[in-house]
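Colleague: Could you walk me through how to read a few features of a protein model? I would like the general idea and then the case at hand.

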Amino acid sequence: MFRVSNNLVGVLNLLAFLLSIPILVTGVWLSKQANTECEWWLQRIFIVLGVFLLVVSLAGLVGACCRVSCLLWLYLFVMFLLILLVLSFTIFAFVVTNKGAGQVLSNRGYKEYRLGDYSNWFQNRVNNAHNWNRIRSCLRSSKLCSQFQTQFANDNLQKFYAESLSSLQSGCCKPSDSCNFEYQGPSVWKKTESANYSNPDCNAWDNDPNVLCFNCQTCKAGFLQSLKTDWKKVTIVNVIFLIFLIIVYSVGCCAFRNNLRDNWKR
């Protein structure tokens with residue numbers, strides 16, 4: 001005799017199975033369309049997530065509805081590992097995103113960001129040359145600074161200083177304010193000849209659209225600020241997802257216990 005817990009686990013896993021199909025199809029489609037490393041990275045996430053949902057939901061669906069205890073046990077084991085993984089990541093994300101904030105500048109609508117303000121773990125990720133080359137490639141391919149140039153092309157200096165820029169725009173598409181370059185456009189600045197800059201980012205700046213400040217410490221800091229903001233949003237979603245997983249796991253345990261009871265009665 002089926003019990004409510006078995007039916008509920010079956011329904012939840014049927015929904016997860018149906019959800020895995022469009023996710024998997026999206027991943028395959030992205031793999032055909034991908035032109036940059038960023039897109040390749042995105043399609044791998046979709047494919048892995050789609051396959052994972054497909055396999056786990058099938059195990060839970062068959063285990064609950066067909067009363068196959070070994071599959072349901074496997075499903076619960078994977079769910080338990082997933083709960084631990086989500087919990088660990090959520091705690092880790094709270095810890096590493098606890099540090100870092102933009103520096104408010106006088107008479108500026110935007111902030112500037114310093115790499116040293118962020119957690120050591122974040123700093124180590126972007127200071128790794130291989131990692132930063134991939135991130136920089138993604139930022140370039142996203143047309144971040146070309147859109148920035150177009151958006152503020154008509155601004156004079158005073159209006160530009162009043163703009164509210166994103167952390168990536170502030171860090172990667174313009175030089176640091178401490179360089180005191182001459183403004184000629186949002187992404188076009190004239191360096192003072194034969195000047196000795198204490199800030200290494202001033203020497204790293206170039207008006208070449210493929211260079212700009214992509215090699216600057218402020219660009220790395222701006223990227224970390226953007227990543228930090230995204231991670232904080234993800235941790236909120238993770239808490240909700242974790243509660244949902246615990247509820248599903250509890251219902252699954254009841255279904256597993258029902259299966260064992262039915263097997264003993266046979």
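Modeller: Gladly; we will go through helices, a pocket and some single residues in turn. This is a predicted model, so local features need pLDDT of at least 70 and side-chain atom pairs count only at pLDDT 80 or more, while totals for chains, interfaces and linings use all residues. Residues are numbered from 1 along each chain as its sequence is written, and side-chain values use heavy atoms, with hydrogens and water left out.

Colleague: Let us start with α5; how many residues does it have, and what does it reach from first C-alpha to last?

Modeller: Helices (H or I, at least four residues) and strands (E, at least two) are DSSP runs, numbered from the N terminus. The expected span of a helix is 1.5 Å times one less than its number of residues. Helix α5 covers residues 129-141, has 13 residues and reaches 18 Å, close to the 18 Å expected.

Colleague: Which residues of α5 are buried?

Modeller: Buried means under 20% relative accessible area, exposed over 50%, and partly exposed in between (1.4 Å probe, protein chains only). In α5 the buried residues are Trp132, Ile135, Arg136 and Leu139. Seen down the axis of α5, they fall within an arc of 100 degrees (taken from the directions from the helix axis to the C-beta atoms), so they line one face of the helix.

Colleague: And what about α4: which of its residues are buried?

Modeller: Helix α4 (residues 120-127) has Phe122, Gln123 and Val126 buried. These buried residues also fall within an arc of 100 degrees seen down the axis of α4, so they line one face of that helix.

Colleague: Which residue caps the N-terminal end of α5?

Modeller: Here we look for a polar contact, a pair of N or O atoms within 3.5 Å; within protein, one must be able to donate a hydrogen and the other to accept it, and residues adjacent in sequence count only if both atoms are side-chain atoms. Asn128 is the cap, with a side-chain oxygen 3.0 Å from the backbone nitrogen of His130. Just after α5, Lys143 takes a positive phi of about 60 degrees.

Colleague: How much space lies in the second largest pocket?

Modeller: Rolling a probe the size of a water molecule over the atoms shows where empty space is left. On a 1 Å grid over the protein atoms alone, a pocket is an open set of points where a 1.4 Å probe fits, with protein on both sides within 12 Å along at least five of seven lines, and lining residues have an atom within 4 Å of a point. The second largest pocket holds about 210 Å³. Its lining has 13 residues, of which Cys145, Ser146, Pro209, Asn210 and Leu212 lie nearest the centre. Elements giving two or more residues to this lining are α5 and α6 (144-151), and α6 provides the largest share, 4 residues.

Colleague: Is Asn13 buried or exposed?

Modeller: Asn13 is buried, with a relative accessible area of 3%. It lies in helix α1 (residues 4-33), and its side chain reaches the backbone oxygen of Val9 at 2.7 Å.

Colleague: Where do Asn107 and Asn180 lie?

Modeller: Asn107 sits in the loop between β1 (103-104) and β2 (111-112), has a positive phi near 60 degrees, and counts as exposed at 68% relative accessibility. Asn180 is in the loop between α8 and β3 (182-185); its phi is positive, about 55 degrees, and Asn180 is exposed, with a relative accessible area of 60%.

Notes. Grid points are joined across faces, edges and corners, and a volume is the space filled by probe spheres set on the points.
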